[in-house]
Amino acid sequence: MKELIKDPLILLAIAIVGFVFLLLAFQYATKPKNADLLEKMVVIGALFLITQPTIGPLLLLHPEGLTAHEASAISYLARIVPYSAVIFVLKYRYIKILQFSLMLFVLDPALAVLQVIVLLSFTWSETPSYSLKGAIVQVGLTIFSAYIAQRYSWHDICKFIRFSLGILAVLNLLYSVAVPSVGVGFKGWRGILGHENSTSSLMGLSGGLWLFEAYVNSQNRRLAIGMFLISILIVQNANSAGGKVQLMALIASVLWLSFLKRLNFKLALTGVIILLIFVISGTIIFLENTETIVVDVLGKDMTFNGRIPLWTNLMGAIANSPFLGYGYHGFWQEWRGEDNPAVAYATNDYGWTAPHAHNGFLEIVLYTGIVGFILFAISFFKTIVFGVIYLIRSENQEAVLPLAMITILVVSNISLSQLMDIHPMWMYYVMITVRLSVNVERNENSS
């Protein structure tokens with residue numbers, strides 16, 4: 001296959017066919033209704049691709065490849081050309097994306113300033129070009145997510161997330177059952193993703209969202225129940241605790257938030273804080289590995305794969321660069337060997353160096369220091385407050401989902417590094433915080 005692609009005639013034929021399809025798509029998109037449909041397809045496709053499928057050409061479309069310290073021209077073209085084609089076809093939609101991105105400074109100033117720090121962090125990184133590439137992609141992902149949040153209602157955003165996870169669930173099931181050489185990993189089912197933990201985490205969220213859809217929407221109930229069953233089947237067979245914990249946390253959060261919806265702002269805010277404290281405490285109990293819960297129920301070992309000792313060591317790394325951190329992607333650099341800044345803090349007794357912090361909040365501090373973490377905390381708590389306002393104002397049942405998903409984000413990032421990275425959880429966070437800001441500032445209770 002690679003030899004065929006290297007053939008100039010084959011490449012020319014592919015280019016011609018691609019150009020023809022591009023012109024046809026552009027012609028199709030000139031009509032507003034068609035452009036609406038195409039843009040929604042692009043959004044769902046982007047939310048699906050950001051989960052980082054590892055099969056075939058899908059892996060080549062993930063933007064993380066643009067951040068690699070060494071990448072071929074073909075690798076860059078495989079990503080830049082499709083992105084450029086989408087922008088060209090939907091240019092009437094994306095022509096105002098700069099305006100939407102500048103609105104981030106109005107809707108969430110702390111998040112916007114944090115992105116500026118991410119973009120400038122290459123100036124204090126040990127590997128400036130590597131940090132700059134990663135920062136550009138991360139900021140671009142943030143801008144795109146903010147654009148989606150301003151263009152669409154919360155109802156639409158929920159639908160986009162649910163369907164993107166539904167596509168992922170179906171493909172995970174197919175590859176786990178029909179192509180076990182790809183879909184089954186060391187611990188269990190991983191589907192089309194790279195690790196069982198990632199698969200379990202996203203499928204836990206998928207199961208919770210589809211279960212909610214089955215409850216509130218009788219028209220889609222059969223589809224929603226089917227997707228829920230597929231999701232929990234994958235969670236069970238992935239043999240990873242993350243998805244089980246997240247599914248239970250999401251269900252509990254929705255039930256609790258449905259009760260809080262009837263209360264006034266102060267009581268509801270207090271209830272959300274209690275929810276977060278309970279969820280964080282419950283997750284830490286899992287991390288502390290009580291034998292009954294962890295070994296008997298979830299099948300984890302008593303050291304939780306060494307996460308707690310790793311976090312303790314990383315505090316020393318943070319102390320060495322406390323204010324602005326090591327720069328975006330400036331700490332975890334396996335390709336540097338002994339020069340990897342993480343070697344001194346993240347290497348276990350067997351000589352294996354962790355590739356990330358296994359904690360999204362620690363990752364923020366390592367990337368952008370205490371300054372960056374404070375900015376994120378301001379954005380996070382503003383989102384909580386706006387989420388409560390939206391919860392008690394809105395008559396829609398989906399008004400419980402922003403805060404429920406924020407709860408899941410907290411749960412997942414206690415044991416995984418998914419925050420402020422090129423990951424769906426970061427997209428979800430940006431879409432939630434920006435959309436809540438739009439709803440509260442404009443009093444769009446029905447969105």
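Which helices do the buried residues of α9 pack against? They pack against α8 (104-107), α10 (128-151), α20 and α22 (424-442). Keep in mind that this is a predicted model. Let's start with α9 and then look at its surroundings.

**Helix α9**
- Helix α9 covers residues 109-120, which makes 12 residues.
- From its first C-alpha to its last, α9 reaches 17 Å, close to the 16 Å expected at 1.5 Å a residue.
- Its buried residues are Ala110, Leu111, Ala112, Leu114, Gln115, Ile117 and Val118.

**Lys382 on helix α20**
- Helix α20 runs over residues 360-393, and Lys382 is found in it.
- Is Lys382 buried or exposed? Lys382 counts as buried because its relative accessible area is 18%, and buried means under 20%.
- If you skip neighbours within four places in sequence, Lys382 is in contact with Leu107, Asp108, Thr433 and Ser437.

**The nonpolar cores**
- The largest nonpolar core has 104 residues.
- The residues with the most contacts inside this core are Ile148, Ile161, Leu205, Leu257, Trp426, Tyr428 and Met431.
- Helix α22 gives the most to this core, with 12 residues.
- There's also a second, separate core of 16 residues, and Tyr326, Phe331, Tyr345 and Ala357 are among them.

**A look at Trp426**

How values were computed:
Residues are numbered from 1 along each chain as its sequence is written. This is a predicted model: local features need pLDDT of at least 70, side-chain atom pairs count only at pLDDT 80 or more; totals for chains, interfaces and linings use all residues. Side-chain values use heavy atoms; hydrogens and water are left out. Helices (H or I, at least four residues) and strands (E, at least two) are DSSP runs, numbered from the N terminus. Buried means under 20% relative accessible area, exposed over 50%, partly exposed in between (1.4 Å probe, protein chains only). Contact means heavy atoms within 4.5 Å. The expected span of a helix is 1.5 Å times one less than its number of residues. A nonpolar core is a set of buried Ala, Val, Leu, Ile, Met, Phe, Trp, Tyr and Cys residues joined through side-chain atoms within 4.5 Å.
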